[in-house]
Amino acid sequence: MMKEKKRNKLIQKLISVIAVFIFGFMSQAVAQMPYKKYCNARFEFCVLYPVTFGMGPAPDNNDGREFYDRDGFSMTASGIYNVLENSLKDEMKSQEEGFDTITYRRMKGNWFVLSGYSGQNILYIKTYMRHDTFYHLYIRYPVSLKKEYDPIVSKIAKSFKPR
C-alpha cells in the first residue's frame with residue numbers, strides 16, 4: 001500500500017513536470033511563431049495575425065479583413081462609422097447579443113472586451129471607440145482548441161489598436 005502511494009505521487013510529479021515542459025514549449029512556440037501585420041488605411045488600425053492564416057478578400061468598402069485557418073479559427077478586424085451615435089456602453093450591450101454565455105466583461109476608457117461562449121465556440125470581442133468610429137476585433141474558435149488558441153488570441157488582441 002505504501003509503495004503504491006509513493007509510486008502514485010511520483011507519477012503525479014512526473015506528469016506535472018511534463019505538463020510544465022509542454023506548456024513552456026507551446027508558449028515559446030507561440031512567441032516565436034511568425035506573425036504578419038495587417039493595417040487598414042481607411043480606418044487606420046493595425047492587427048497581427050499568424051502567417052499560416054488565410055486572409056479573405058478586401059470588401060468593396062475596405063472596412064477590414066477576415067482571417068482564418070483550417071481548424072475553425074476565424075477573426076475579423078474592421079472599422080465602422082458610428083452613424084447611430086451610440087455610446088460605448090450601447091455598443092457593448094449590442095455586442096452582448098452574440099453570446100450564449102459571457103465569462104469576461106470589461107470596459108475602460110475608450111474600449112471594451114467581451115469573452116464567452118457561442119454554441120461550441122469561444123467568442124472574443126474587443127472594441128475601441130474613437131471620435132465617430134468603432135474599431136472591432138471579433139475572434140471565434142472551437143472550445144476544443146482553447147489551449148492551443150488562447151496564447152494566439154492574447155497576442156492578436158494586444159496588437160489590435162487604432163492608430
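**Close-up views of a predicted model**

At 0% relative accessibility, N40 counts as buried (buried means under 20% relative accessible area, exposed over 50% and partly exposed in between, with a 1.4 Å probe and protein chains only). The model is predicted, so local features need pLDDT of at least 70 and side-chain atom pairs count only at pLDDT 80 or more, while totals for chains, interfaces and linings use all residues. Residues are numbered from 1 along each chain as its sequence is written, and side-chain values use heavy atoms, with hydrogens and water left out.

View A. N40 belongs to strand 1 (residues 35-40); helices (H or I, at least four residues) and strands (E, at least two) are DSSP runs, numbered from the N terminus. The N40 side chain makes a polar contact of 2.7 Å with the backbone nitrogen of F43, and another of 3.1 Å with the backbone oxygen of N62. A polar contact is a pair of N or O atoms within 3.5 Å; within protein, one must be able to donate a hydrogen and the other to accept it, and residues adjacent in sequence count only if both atoms are side-chain atoms. Not counting residues up to four places away in sequence, N40 touches F45, N62, D63, G64 and R163 (contact means heavy atoms within 4.5 Å). A41 is placed in the loop between strand 1 and strand 2 and, at 62% relative accessibility, counts as exposed. From C-alpha to C-alpha, A41 and N62 are 8.6 Å apart in space, and they are 21 residues apart in sequence.

**View B. Aromatic pairs.** There are 11 aromatic pairs in the structure. The rings of Y38 and F45 have centres 6.1 Å apart and planes at 65 degrees, so this pair is edge-to-face. Rings of Phe, Tyr and Trp (its six-membered ring) pair if their centres lie within 6.5 Å; planes under 30 degrees apart count as stacked, over 60 as edge-to-face and the rest as tilted. Y38 is buried at 9% relative accessibility, and F45 is buried with a relative accessible area of 0%. For F53 and F73, the ring centres are 4.8 Å apart and the planes at 55 degrees, so the pair is tilted. This pair links distant parts of the chain, 20 residues apart: F53 is in the loop between strand 2 (45-50) and strand 3 (54-55), and F73 is in the loop between strand 4 (64-68) and strand 5 (74-81). Both F53 and F73 are buried. Elsewhere, ring pairs join Y38, F45, Y49, F67, Y128, Y135 and F160 into a cluster.

**View C. Contacts of S118.** S118 is part of strand 7 (residues 111-118) and is buried, with a relative accessible area of 14%. Its side chain reaches the backbone oxygen of G98 at 3.4 Å. The side chains of S118 and R140 are joined by a polar contact of 3.3 Å. With neighbours within four places in sequence left aside, the residues in contact with S118 are G98, D100, L123 and R140.

**View D. Lining of the largest pocket.** Residues lining the largest pocket include Y104, W111, Y124 and K158. Among the elements that each supply at least two lining residues are strand 6 (101-108) and strand 8 (121-130). Helix 3 gives the most to this lining, with four residues. A pocket is an open set of points on a 1 Å grid over the protein atoms alone, where a 1.4 Å probe fits, with protein on both sides within 12 Å along at least five of seven lines; lining residues have an atom within 4 Å of a point.
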